[in-house]
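Thanks, everyone, for making the time this morning.

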Amino acid sequence: MSTDGDSMSLPESYDTDVLVVGSGPAGGSAALMLATYGVRTQLVTKYGWLADTPRAHITNQRAMEVFRDLGIEQEALEKGTPSSLMGDTVFATSLLGEEIARLRTWGTGDESLTEYAAQSPCGMIDLPQTYLEPILLANAAKRGAVVRLNTELIDFEQDADGVTARLRDRPGGSEYTVRARYMIGADGGRSMVADKLGLPMEGQMGKAGSMNIVFRADLAQYVEHRPSVLYWIMRPGADVGGIGMGLLRMVRPWNEWLIVWGYDIDNPPALTDEAAKAIVRDLVGDDDLDVQIDNAALWTVNHAYAARLSAGRVFCAGDAVHRHPPSNGLGSNTSVQDSYNLAWKLAAVINGQAGPELLDTYTDERAPVAQQIVERANLSRDQFLPLFEALGVVGGDEEGITKALHAARQPDAEGAKKRRAIREAIELKHYEFNAHGVEHNQRYESAAVIPDGTVEHISRDDELFGRPTSRPGAKLPHAWLVDPHGKRISTLDMVGGGKFSVLTGLSGTQWADAAHTLAQELDLDLRGVVIDRDAHDAYGEWARRAEIDEDGALLIRPDGYVAWRRPSGASDTAEATRLLRKALTTVLRRSAP
């Protein structure tokens with residue numbers, strides 16, 4: 001069966017099924033996923049190599065779950081810094097100066113460890129973009145994707161059957177065209193693809209100015225007793241330029257670093273090596289520090305997101321459609337998840353397993369996420385204001401912080417008041433550094449999800465705490481199981497791999513039988529998973545988290561999201577087959593045979 005109008009075309013009429021433009025986290029992930037799913041893929045980037053600065057780095061549990069499904073989790077773990085070295089976020093007047101406070105972050109605090117561990121089989125790591133991109137691209141190429149560096153997209157046109165892209169080989173200057181069924185614009189915050197498509201962008205670009213300074217210096221003696229990814233430095237009135245607060249970010253423990261330092265966007269500084277060294281030494285607090293500057297660049301803080309993520313046969317992902325500051329560490333994680341949502345849908349349509357209308361659900365599901373993470377990242381940036389006020393640094397008063405810290409050291413009522421204000425301001429930053437719910441509670445509403453009429457009850461802060469549920473539109477809850485060899489595996493390990501899954505319990509085997517029948521009938525990658533047959537619920541975790549009876553069933557999409565839920569059993573295999581057929585054809589936007 002073919003439900004895609006171009007699936008009947010001769011393969012020779014297309015150079016590739018999908019052309020991916022851009023090699024960042026969104027583009028690299030898309031190429032890897034599509035190649036893994038057996039889709040002919042070409043990726044082009046105008047650059048001669050991958051990321052040359054560490055930029056994005058926080059890699060959250062959901063992104064690690066995606067990497068686990070793609071078989072690259074171990075490579076990421078080997079290249080990343082473990083969570084045990086990520087969490088003692090420090091606020092100080094300089095790295096050597098007076099310490100104001102510490103905050104346990106990224107789930108490393110005693111009160112967060114259990115909640116984070118219960119949410120996912122994966123931990124967080126710090127994986128700079130310079131390490132992530134080679135993992136994605138190397139594996140994409142190994143699995144069959146064609147990767148072309150130094151290749152620039154000049155223009156593209158689309159019609160009812162495909163996309164024709166005009167490309168330029170930058171070293172040689174020659175131009176040529178590539179014909180693809182579909183194209184993904186993952187070409188960053190200045191996306192030519194998004195601009196040409198006219199995707200409606202909401203928000204504001206260029207809200208503020210910032211600079212990145214990548215440098216090498218041995219700071220181990222100053223940080224090993226308080227290991228962290230982030231050290232926030234309050235420097236009002238500093239004579240090296242800037243607006244009074246800087247961020248010292250670990251890239252590699254403890255000799256590779258990146259400084260983020262704000263500047264007046266209307267008065268950008270000249271960023272020479274000497275100026276960069278002066279900023280580094282000032283924020284560290286050591287005028288004689290041996291510093292090697294690797295890179296220094298200016299950038300702007302943006303607050304913009306696309307209300308629509310595609311037009312015709314061209315889709316955009318990553319920074320092309322959500323542009324925001326690095327607060328909350330959401331950038332590369334959201335980009336990876338954009339591609340995870342889109343890639344299986346493209347594969348299903350190209351392979352004739354779904355109708356083209358399925359692709360409309362990409363915008364329906366991911367555009368609300370783009371808005372949410374842009375708003376959250378910018379709100380986190382704004383939530384530094386209470387700390388600035390408590391520390392007396394509003395308005396750049398260089399004496400204010402000295403007075404505030406002196407007051408905070410006094411054993412009187414005013415001292416207690418000042419200490420309380422600082423503590424409350426620091427506590428507010430949990431919404432940036434421990435926003436577990438923002439990472440895990442992304443819910444989808446679209447034609448690729450069949451509601452079951454239930455209402456999700458929120459008992460704890462929806463941004464701070466993960467809320468696992470098996471309701472349609474949510475990610476399958478993680479629970480530890482034991483496989484036939486005695487090895488502990490997650491429920492997430494039982495699904496994914498580019499396939500749909502039907503998950504049930506031992507008394508619901510008719511659902512697995514129905515899945516086997518429908519896989520052949522619908523020519524669909526569909527597996528049946530029976531808990532306590534294929535893996536044992538030895539800890540009882542799945543029974544506690546399933547939210548369905550043992551003989552009920554969940555239909556799980558290739559991206560691990562619940563598409564449909566039946567809380568109780570079917571009367572027989574025939575009814576299970578009928579119900580499951582209806583659910584599958586509805587989700588895949590195709591007619592029942």
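This is a predicted model: local features need pLDDT of at least 70, side-chain atom pairs count only at pLDDT 80 or more; totals for chains, interfaces and linings use all residues.

The largest nonpolar core counts 93 residues, and the ones with the most contacts inside it are Met183, Ile184, Leu346, Leu526 and Leu555. Helix 9, residues 331-350, supplies the largest share of this core, namely ten residues. Another core lies apart from it, with 59 residues, including Ile233, Met245, Ile279 and Val284. As general background, nonpolar side chains in soluble globular proteins tend to be buried together.

Coming back to Met183, if we leave aside residues up to four places away in sequence, its contacts include Leu19, Val21, Leu153 and Phe156, as well as Arg313, Val314 and Phe315.

Now to strand 14, which covers residues 245-252: how many of its eight residues are buried? The count is eight of the eight, so strand 14 is largely enclosed by the rest of the structure. On the pairing side, strand 14 runs antiparallel to strand 13, residues 230-234, through five bridges, and Tyr231 stands opposite Leu248. Strand 14 is also joined by six bridges to strand 15, residues 256-263, again in the antiparallel sense; these two strands form a hairpin with three residues between them, and Arg252 has Glu256 as its bridge partner.

Finally, there is an open sheet of three strands in the order 3-7-4, with antiparallel pairing. Strand 3 (58-59) and strand 4 (81-82) are its edges, each pairing on one side only. Strand 4 meets strand 7, residues 125-126, over two bridges, with Pro82 opposite Ile125.

Key: Residues are numbered from 1 along each chain as its sequence is written. Side-chain values use heavy atoms; hydrogens and water are left out. A nonpolar core is a set of buried Ala, Val, Leu, Ile, Met, Phe, Trp, Tyr and Cys residues joined through side-chain atoms within 4.5 Å. Buried means under 20% relative accessible area, exposed over 50%, partly exposed in between (1.4 Å probe, protein chains only). Helices (H or I, at least four residues) and strands (E, at least two) are DSSP runs, numbered from the N terminus. Contact means heavy atoms within 4.5 Å. Two strands pair if DSSP finds at least two bridges between them.
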